[in-house]
Amino acid sequence: MTQSDKPISGEDSLIARYFKPLATDPGAFGLDDDAAALRADGEDIVVTTDAIVEGVHFLPDDPPDTLARKALRVNLSDIAAKGAVPAGFVLTLALRGAEEAWLKPFARALGEDAADFGCPLLGGDTVSTPGPLMISITAFGRVPQGMMVHRAGAQAGDRVFVTGTIGDAALGLDVLQGGPVAAALADDVVGRDFLAARYRVPQPRNALAKAVRTHASAAMDVSDGLAGDLTKLCAASGVAAVINVPSVPLSAAAAGLLARKAIDIETLVAAGGDDYELLCAVPSDHVDAFLRDARQAKIAVTAIGGLIAGSSPPSFLDGQGRELKLKRLSFSHF
């Protein structure tokens, strides 16, 4: 039997119809092989993987196009935090069924993001499952040799920066679940839609990757909550931190909720997560250049505190310099 005469399985047909058009990199071999190839070209290859699971990272009725974007973008955020440029990704889908009404918008949105971020599909796998829908992506990035930015490397005296705004995604989840935030924003359709979009479709800061690589001593993305992720960075670097909570950047929607006491600050800096903003430690003599490069990249960055010698958990100070006692530091799966 020749290759052309071989029967095409349902899985092969699904891949050919929805995902082969996304495999634009020559190293993907048109998804006709069992593996892909990436050329290093004298660079280091950065590898990261994240899965999103129905009922844990997204809601059962979330639109498929938003799921595609979220699945890729949470990985792109890690690539950006390492100071790397996207090179491609592999995709694993665990599906309950092969429904065109779901697959078509999913594949279309995934292809749009792959093109916009310069991160083509290289390969992957599709499997059936009786359980929750699961989307797993492993993304690859390129960075000049030896220049990947780690969690470790920060020093006492470095300034702590975050991109964008903090806490929106946790509020957006509450909106989508019809919780207290949804009730507080009952008359604010714009605010509700903004927060829901921040949960469903993260905005990875890949435009800032070069500035992170050039100026940051340590970095990671904020995926489990600002307080918890900063604690991880400090532990890896062997330093402590003092954060001025009023300096933490908030969206207009979040700031309005806080001013009305519809939420507390812990929701924003600790238990939230899913922000996928960048958290960077920047030496004092690089701060001006970092700010300049961030402006050129059109990415908002805000200094929220500094690093000090020590090994204690980060301190979060209110407007009067009093330490806030956070009940928990971050989201945890277990």
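Arg198 and Glu277 meet through their side chains in a salt bridge, at 3.1 Å from N to O. This bridge ties together distant parts of the chain. Arg198 sits in helix α6, and Glu277 sits in strand β8 (residues 277-282). The two residues are 79 residues apart. The model is predicted.

**Burial of the pair.** Buried means under 20% relative accessible area. Glu277 has 0% relative accessibility, so Glu277 counts as buried. Arg198 has 9%, so Arg198 counts as buried too.

Asp168 is buried, with a relative accessible area of 0%.

**How α4 and α6 pack.** On the α4 side the contact is made by Asp168, Ala169, Leu171, Gly172, Leu173, Val175 and Leu176. On the α6 side it is made by Arg192, Phe194, Leu195, Ala196, Arg198, Tyr199 and Arg200. By class, the contact has 9 nonpolar, 1 polar and 4 charged residues. The axes of α4 and α6 come within 7 Å. What is the angle at which the axes of α4 and α6 cross? They cross at roughly 110°. Angles of 65 to 115 degrees count as roughly perpendicular, and α4 and α6 are therefore roughly perpendicular to each other. Their crossing is left-handed.

Asp113 and Arg73 pair through their side chains in a salt bridge, at 2.6 Å from N to O. Asp113 lies in helix α3 (residues 100-116), and Arg73 in helix α2 (residues 64-81). They are 40 residues apart, and the pair links distant parts of the chain. Both Asp113 and Arg73 are buried. The pair is part of a network of salt bridges that links Arg69, Arg73, Glu112 and Asp113.

| Salt bridge | N to O distance |
|---|---|
| Arg198 and Glu277 | 3.1 Å |
| Asp113 and Arg73 | 2.6 Å |

**The total.** How many salt bridges does the count come to? The count comes to 14 salt bridges. In general, side chains of opposite charge can pair when their charged atoms come close.

Methods. Residues are numbered from 1 along each chain as its sequence is written. This is a predicted model: local features need pLDDT of at least 70, side-chain atom pairs count only at pLDDT 80 or more; totals for chains, interfaces and linings use all residues. Side-chain values use heavy atoms; hydrogens and water are left out. A salt bridge is a side-chain nitrogen of Lys or Arg within 4 Å of a carboxyl oxygen of Asp or Glu. Helices (H or I, at least four residues) and strands (E, at least two) are DSSP runs, numbered from the N terminus. Buried means under 20% relative accessible area, exposed over 50%, partly exposed in between (1.4 Å probe, protein chains only). Axes are lines fitted to C-alpha atoms, for helices over the stretch in contact, and angles run from 0 to 180 degrees between N-to-C directions. Angles under 35 degrees count as roughly parallel, over 145 as roughly antiparallel, 65 to 115 as roughly perpendicular and the rest as oblique. A crossing is left-handed if the near helix is turned anticlockwise from the far one by less than a right angle, and right-handed if clockwise. Contact means heavy atoms within 4.5 Å. Ala, Val, Leu, Ile, Met, Phe, Trp, Tyr, Cys and Pro count as nonpolar, Asp, Glu, Lys and Arg as charged, and the others, Gly among them, as polar.
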